[in-house]
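Take a look at the fold below. Start with the sheet, then turn to the packing.

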Amino acid sequence: MPSLTFSSQYLPGVTVIAVAGEVDITTAHLLDDYIGRTRRHQGDHVVLDLSEVPYMSSAALPVLLETHLVAFSNGASLHLAAPQRGPAQLLDVTEAKGMLKVHGTVEQAIRAALQAAQPSPVGGGVA
């Protein structure tokens, strides 16, 4: 039976979730459940570290798109980090990459999410 493992860490306004294993029809619901249980606040940005996911079927797309939509509706975003070749091809072929923020490294994704989590300055200028 395929297994999927997760770990998470919290940064100011960002939930980072590392995923390891194959995401397919038998495990996509586990990813969805973990994301739902792990986010502390709906307005937190989410970084999914996919560096240890060698295979991702189209069953993962509804999970990713729903996570994106929930984050977006709460003023946040989903950042996919370091997808391996297979998952990257899936995102390209399905054109999901055009909707989702995909970063080459985990560090880039976290940096982008942290920057997005910073509150905008009030007033916008210096007097």
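What follows goes from the sheet to the helix across it and on to the cores.

This is a predicted model, in which local features need pLDDT of at least 70, side-chain atom pairs count only at pLDDT 80 or more, and totals for chains, interfaces and linings use all residues. Residues are numbered from 1 along each chain as its sequence is written, and side-chain values use heavy atoms, without hydrogens or water.

An open sheet of 5 strands runs in the order β1-β2-β3-β4-β5, with mixed pairing. Strands (E, at least two residues) and helices (H or I, at least four) are DSSP runs, numbered from the N terminus. Two strands pair if DSSP finds at least two bridges between them. β1 (4–11) and β5 (101–103) each have a single partner strand, so one side of each lacks a neighbour in the sheet. From one strand to the next, the twist averages 20°. β4 and β5 pair in the parallel sense over 3 bridges. L80 has V102 of β5 as its bridge partner.

α1 lies across β1, β2 and β3, at about 25° to β1. Angles run from 0 to 180 degrees between N-to-C directions, and axes are lines fitted to C-alpha atoms, for helices over the stretch in contact (heavy atoms within 4.5 Å).

The largest nonpolar core has 24 residues. Such a core is a set of buried Ala, Val, Leu, Ile, Met, Phe, Trp, Tyr and Cys residues joined through side-chain atoms within 4.5 Å; buried means under 20% relative accessible area (1.4 Å probe, protein chains only). V19, V23, L31, L48, M56 and L80 touch the most other members. α1 gives the most to this core, with 4 residues. A second, separate core of 9 residues includes V47, A82, V106 and A109.

Technical notes: Buried < 20%, exposed > 50% of the residue type's maximum accessible area, 1.4 Å probe, protein only.
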